[in-house]
Amino acid sequence: MTRVYNFSAGPSMLPLEVLEKAQAELTNYAGSGMSVMELSHRSKWFTEIIETAEAVLRKLMNIPDNYKVLFIQGGASQQFAMVPMNLFAGSKKADFVNTGSWSKKAIKEAKKYGEVRVIASSEDKNFSYIPAVTADMIDPEADFVHITTNNTIEGTVFNNIPDTGNVPLVADMSSNILSEEIDVTKFGIIYAGAQKNIGPAGLTLVIIREDLIGKADASVPVMLDYKTHADSGSLYNTPPTFGIYMAKLVFEWLEELGGLAAMESINREKAAILYDYLDQSAMFSSPIEKADRSLMNIPFVSPSEELDALFVKEAKAKGLETLKGHRSVGGMRASVYNAMPVEGVKALVAFMEEFEQTHSAEGK
């Protein structure tokens with residue numbers, strides 16, 4: 001069958017060019033006579049893969065020399081514990097901004113290791129906006145401040161990164177990393193699960209400022225200590241080798257595209273196509289405040305749950321896959337990560353127009 005347009009929030013679609021390159025190299029990587037999945041992580045072939053992946057990523061994101069790039073496992077969910085385990089080295093206090101489901105999970109996990117204060121929250125309006133965060137809100141004694149830059153489920157994004165002064169800012173950037181240009185120096189730690197904009201599930205990317213490494217208590221397990229991974233070049237144990245290889249291909253694809261400035265331009269075009277339609281539609285609407293709308297995850301609703309279900313079913317039949325909203329919020333959600341082409345969003349809007357015309361009487 002032909003490939004569908006996959007609007008899944010993750011694992012998400014990968015660039016076709018990347019998949020085809022991996023396919024071509026699958027059984028015999030670089031004349032090794034082996035697939036990447038069979039290569040020793042100590043081999044010259046894999047050393048070149050991981051070193052190239054890091055070098056291209058550093059160029060794409062303009063990562064300064066005083067930051068380490070770590071390729072590890074456990075997903076962003078493991079980072080919810082690793083961050084406090086490694087950074088609760090002073091006051092054992094942290095400030096969190098609560099903007100949705102993933103923020104809540106990070107808060108719950110951090111409470112196991114120290115004192116957590118929620119300095120701002122958008123829960124009062126069902127997480128439909130990003131709350132203001134000002135410097136005077138932040139405890140100067142806090143070991144870190146934590147935000148979720150893009151809220152995958154709720155469809156909101158931090159367009160303005162808070163200034164946290166001397167307190168390290170930690171960001172879960174799982175669902176919008178590499179989607180636009182950012183200033184890495186504003187952050188102490190950036191972490192992201194790979195399965196949205198980086199590569200297949202199983203790899204986690206951590207970008208950490210060097211002065212935040214080596215603070216973990218002796219009781220922290222060796223695999224949960226950032227120093228372990230920093231000192232070993234992410235090769236303390238067998239890393240997710242195929243995931244790192246795929247990430248390298250994605251990074252190279254982004255570089256060939258023109259880097260993050262070019263990618264951001266495409267992403268803004270895609271989001272505008274869908275949001276412009278939603279704003280004029282008589283059937284579908286966006287529940288998110290305009291100023292805080294995500295470029296990556298776009299939730300929308302129809303007038304009834306029955307129409308929502310019918311829309312998802314008919315969309316699937318048209319090759320528009322995984323548009324059902326998260327179970328906690330309902331409705332629909334189109335995740336339009338980097339690999340989603342403009343044509344995919346146009347196909348979605350064309351179907352939405354057709355559906356609205358066909359079922360307009362039911363939506364009144």
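This is a predicted model: local features need pLDDT of at least 70, side-chain atom pairs count only at pLDDT 80 or more; totals for chains, interfaces and linings use all residues.
Trainee: Into which domains is the protein divided?

Mentor: Domain 1 covers residues 16-256, and domain 2 covers residues 259-360. Their C-alpha centres lie 27 Å apart. The contact takes 27 residues from domain 1 and 25 residues from domain 2.

Trainee: What area is buried between domain 1 and domain 2?

Mentor: Start with the general idea. The size of an interface is often given as the accessible area lost when the parts come together. Here about 2100 Å² is buried between domain 1 and domain 2. Carbon and sulfur atoms give 53% of that area.

Trainee: How many salt bridges are there between domain 1 and domain 2?

Mentor: Side chains of opposite charge can pair when their charged atoms come close. Between domain 1 and domain 2 the count is one salt bridge. Now look at R268. R268 forms a salt bridge with E180, and the closest N and O atoms are 3.5 Å apart.

Trainee: How many salt bridges does the structure hold?

Mentor: The structure holds 17 salt bridges. One of them pairs K93 with E141, at 3.4 Å from N to O. K93 lies in strand β3, and E141 lies in the loop between β4 and β5, so the pair ties together parts 48 residues apart in sequence. E141 counts as exposed, at 52% relative accessibility. K93, D139 and E141 are linked in a network of salt bridges.

Trainee: Where do E354 and K318 lie?

Mentor: First, the pairing. E354 forms a salt bridge with K318, with the closest N and O atoms 3.5 Å apart. E354 lies in helix α9 and K318 in the loop between α8 and β12, so this pair ties together parts 36 residues apart in sequence. E354 is partly exposed, at 38% relative accessibility.

Trainee: What is the reach of helix α9 from its first C-alpha to its last?

Mentor: To read a helix, set its reach against the span expected at 1.5 Å a residue. Helix α9 has 18 residues, 342-359, and reaches 26 Å. That is close to the expected 26 Å. Now try α7. Its 22 residues should span 32 Å, and its end C-alpha atoms are 33 Å apart, which agrees.

Trainee: Which residues of α9 are buried, and what covers them?

Mentor: The buried residues of α9 include V342, L348, F351, M352 and F355. Their cover includes α7, α8, β1, β11, β12 and β13. Helix α7 has buried residues too, among them L260, M263, L274, Y275 and L278. The buried residues of α7 pack against α2, α6, β11, β13 and α9.

Trainee: What does D292 touch, and where is D292 found?

Mentor: D292 is found in the loop between α7 and β11. D292 is buried yet has no salt bridge. The nearest side chain of opposite charge is K125, 9.4 Å away. Beyond its sequence neighbours up to four places away, D292 touches Y129, I130, G155, T156, V157 and N159.

Trainee: Is L14 buried or exposed?

Mentor: L14 counts as buried, at 17% relative accessibility. The residue sits in the loop between β1 and α1. Now compare sequence with space. L14 and P200 are 186 residues apart along the chain, but their C-alpha atoms are separated by 8.1 Å.

Trainee: Which residues does a cis peptide bond join?

Mentor: Most residues other than glycine have a negative phi, and most peptide bonds are trans. Here a cis bond joins G10 and P11, with omega about 0°. P11 lies in the loop between β1 and α1.

Trainee: What is the phi of S234, and what is the phi of T322?

Mentor: S234 has a positive phi of about 65°, although S234 is not a glycine. S234 lies in the loop between α5 and α6 and counts as buried at 4% relative accessibility. T322 has a positive phi near 60°. T322 lies in the loop between β12 and β13 and counts as partly exposed at 38% relative accessibility.

Terms used:
Residues are numbered from 1 along each chain as its sequence is written. Side-chain values use heavy atoms; hydrogens and water are left out. Helices (H or I, at least four residues) and strands (E, at least two) are DSSP runs, numbered from the N terminus. The expected span of a helix is 1.5 Å times one less than its number of residues. Buried means under 20% relative accessible area, exposed over 50%, partly exposed in between (1.4 Å probe, protein chains only). Contact means heavy atoms within 4.5 Å. Lys and Arg count as positive and Asp and Glu as negative; His and the chain ends are not counted. A salt bridge is a side-chain nitrogen of Lys or Arg within 4 Å of a carboxyl oxygen of Asp or Glu. Domain bounds come from an automatic or database domain assignment. Buried area is the accessible area (1.4 Å probe) that two parts lose on being put together, summed over both.
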